[in-house]
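Q: I am new to this structure and would like to go through its charged pairs and one of its helices. Could you show it first?

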Amino acid sequence: MSLPESLERAASELAALADKIRPANGDPHRLLEELDAAQATQLLGWMLDQEPDDGAELIEAWGEVDDGVRAILAVEDDGIGKAGRKLLRKARHRLRSAGVEVAAPETAPAPRKSVVASIDRWQAAHLSQPDFRGTRMGYLVDSHPSGGARLFEIRFDLGRGLLDFKIYNAGRSKVRGFLKSLTENSGRRLFEVERDSLRALIWRAAKAQPADRPLPSAYVEWRGRLFDDALDKESTPGEQVRARLGEGDRAASLERLCAEVKAGELGPWPPTTAWVGDWMDKGRAAVDGLEGDARGRAIDAWIDEVAAALVDETDAGLLARNLDELAWVRAQEGDEDRAKALLAVSGAIQEDAPSALAFTRARVESLFEPFLASLRVVEEDALADGA
């Protein structure tokens, strides 16, 4: 059974607690808010005896907050099955290791005081790699006032603003497990980042929000507590890595990154779908009825034309910021040479028109690669018609 299912069973068998258990909807922290101390102890004892597997999940969640710890300490071993007693002993051992004095509950009310060493404020920040458009995931973690953690999941783009902003409440162990699953092994997708640096990055993305797309309501609700104008003075991860590493050789870096873009290993930061579709229509018209060398020349001329148009379509400053932020990711991976190459091209495309055009042409060849392949193939039926 799952924890919500076990709690529903408890509500059915502990009728006096049903009106407290069901409103929590299986959330262990909300459940603790609904129950008084004696009721929490009674429920935990029942869970450890009847549903020990889910009782272990309840102990894990409650062990992160004072009221939950008190319930764990107050449960008596008598009347609990072997599996539940074993879980209770392990929980108390962990509390002793955390510096909690495990003793019999007091009979007289005592002033509420913190008994959990690990209940100190916990904050964390993680940032993903950008995708082919520059969209990223950011995660901010704060301690939840009633225990556990509050996880803010933000999907954003420095050019398109905040795309999504979600909030989750869960036990610290679950949040840590989730973040760990995304930061380990070869499929690593998240990197630890300075909290203020991530907040600054999200703040700048929010300022780029298009007028026709409102900011996510959850962001608006939490903006005053997580973000403020002072973040304009904070450095983003990309700005930090530029200050620390500087640039590599621009000419060599441009050649290297253009090859990566053409190979589909970087970018290509596409413009709107409509823009791409319009140019594909123009490409078909440019080669219509042409074969051999004439068709090849027409395709090359079309690429030059698209590249020039994409230079005008591209916000060079935004693209440079995306390259700087990607340089931070490469530095986190330990590849500082590639990070310096990204920083070099970031500077070049803003200051040197030929460099910007060369990099943009590589983007065009990557962006239209399948389409270009089709243009370079003369249809069999066209050959048959000319035979």
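Q: Which residue forms a salt bridge with Arg 9?
A: Arg 9 pairs with Glu 51, and their closest N and O atoms are 2.7 Å apart. A salt bridge here is a side-chain nitrogen of Lys or Arg within 4 Å of a carboxyl oxygen of Asp or Glu. This is a predicted model, in which local features need pLDDT of at least 70 and side-chain atom pairs count only at pLDDT 80 or more, while totals for chains, interfaces and linings use all residues. Residues are numbered from 1 along each chain as its sequence is written, and side-chain values use heavy atoms, with hydrogens and water left out.

Q: Is Glu 51 buried or exposed?
A: Glu 51 is buried, at a relative accessible area of 13%, whereas Arg 9 is partly exposed, at 27%. Buried means under 20% relative accessible area, exposed over 50%, and partly exposed in between (1.4 Å probe, protein chains only).

Q: How many salt bridges are there in the whole structure?
A: The search finds 25. One of them joins Glu 260 and Arg 338, with the closest N and O atoms 2.7 Å apart. Glu 260 belongs to helix H12 (residues 250-262) and Arg 338 to helix H16 (residues 336-351), so this pair ties together parts 78 residues apart in sequence. Both Glu 260 and Arg 338 are buried.

Q: Changing topic, which residues of H10 are buried?
A: They are Ala 218, Tyr 219, Trp 222 and Leu 226. These residues sit on the same side of H10, because they cover an arc of only 90 degrees around the axis, the arc being that of the directions from the helix axis to the C-beta atoms.

Q: What is on the face of H10 turned away from the buried side?
A: That face carries the exposed residues Ser 217, Glu 221 and Gly 224.

Q: And what covers the buried residues of H10?
A: The cover includes strand S2 (136-143), strand S3 (149-157), strand S4 (161-170) and H9; contact means heavy atoms within 4.5 Å.

Key: Helix = DSSP H or I, 4+ residues; strand = E, 2+ residues; numbered from the N terminus.
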